[in-house]
Amino acid sequence: MSKTGRKNVYDTKIRPRLNEVAEWAKNGATERSMAKALGVAYSTFNKYKVEKTELLEFLKEGREEAVEAIENALYKKAIGFNYVEEKTVKNNGDIIRTECVKKIALPDTTAAIYLLKHWGKNKGYTNDPITIELKKRELELKERIAEENNW
């Protein structure tokens, strides 16, 4: 005899909207707001996040896209970029014309430093104490080997 009864919340409210969950994660929505939009309790959402790997994968997918977009924007900010700014000129509420002005966003030093520290660690761009200590030891070892080879 098969069990009959109502389907669980995951099958009725969450699974049909997994693509929306990924989109919400991509756009920076919190898990609490996602749960509310799905019509489930935040604790239920968390429970299913642990139990259903499918839900967790859609969340990760959306967040990875968000991180990629942020990395691209940070890179643009670090090196500077050109953009067009549109300005609507009005007179007594009537639109007279739209002006387009080319502008330049200058490189941002803070963004550049951040990227170098995180993307250029293997080139020595870091202030991480452990990495600095390892680089010092590596240099000392190379100097010692060079001295021994001269004898």
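**Salt bridges and a helix pair**

I started with Glu65, which is partly exposed at a relative accessible area of 37%. My scale here: buried is under 20% relative accessible area, exposed is over 50%, and partly exposed is in between, with a 1.4 Å probe and protein chains only. Bookkeeping: this is a predicted model, where local features need pLDDT of at least 70, side-chain atom pairs count only at pLDDT 80 or more, and totals for chains, interfaces and linings use all residues. Residues are numbered from 1 along each chain as its sequence is written, and side-chain values use heavy atoms, with hydrogens and water left out.

Which residue does Glu65 meet in a salt bridge? I found Lys26, at 3.4 Å from N to O. Glu65 sits in helix H5 (residues 53-79) and Lys26 in helix H2, so this pair ties together parts that are 39 residues apart in sequence. Lys26 is partly exposed, with a relative accessible area of 34%. For the record, I call it a salt bridge when a side-chain nitrogen of Lys or Arg is within 4 Å of a carboxyl oxygen of Asp or Glu. Helices are DSSP runs (H or I, at least four residues), numbered from the N terminus.

How many salt bridges does that rule give? I get 11.

Next I checked Glu20, which pairs with Arg17; their closest N and O atoms are 2.9 Å apart. Glu20 is partly exposed at 34% relative accessible area, and Arg17 is partly exposed at 25%.

Then I went to helix H7 (residues 129-150), which holds both Glu133 and Arg137, four residues apart, about one turn of the helix. They form a salt bridge with the closest N and O atoms at 3.4 Å. Glu133 is partly exposed (35%), while Arg137 is exposed (52%).

I also noted a network: salt bridges link Asp11, Arg15 and Glu54.

Last entry, the packing of H2 (residues 18-26) on H3 (residues 31-38). Their axes come within 10 Å and cross at roughly 145 degrees. Those axes are lines fitted to C-alpha atoms over the stretch in contact, with angles from 0 to 180 degrees between N-to-C directions. Which residues meet there? From H2 I listed Val21, Trp24 and Ala25, and from H3 Met34, Ala37 and Leu38, taking contact as heavy atoms within 4.5 Å. The contact residues of H2 with H3 divide into six nonpolar, no polar and no charged. Nonpolar here covers Ala, Val, Leu, Ile, Met, Phe, Trp, Tyr, Cys and Pro; charged is Asp, Glu, Lys and Arg; the others, Gly among them, are polar.

Conventions:
Helices (H or I, at least four residues) and strands (E, at least two) are DSSP runs, numbered from the N terminus.
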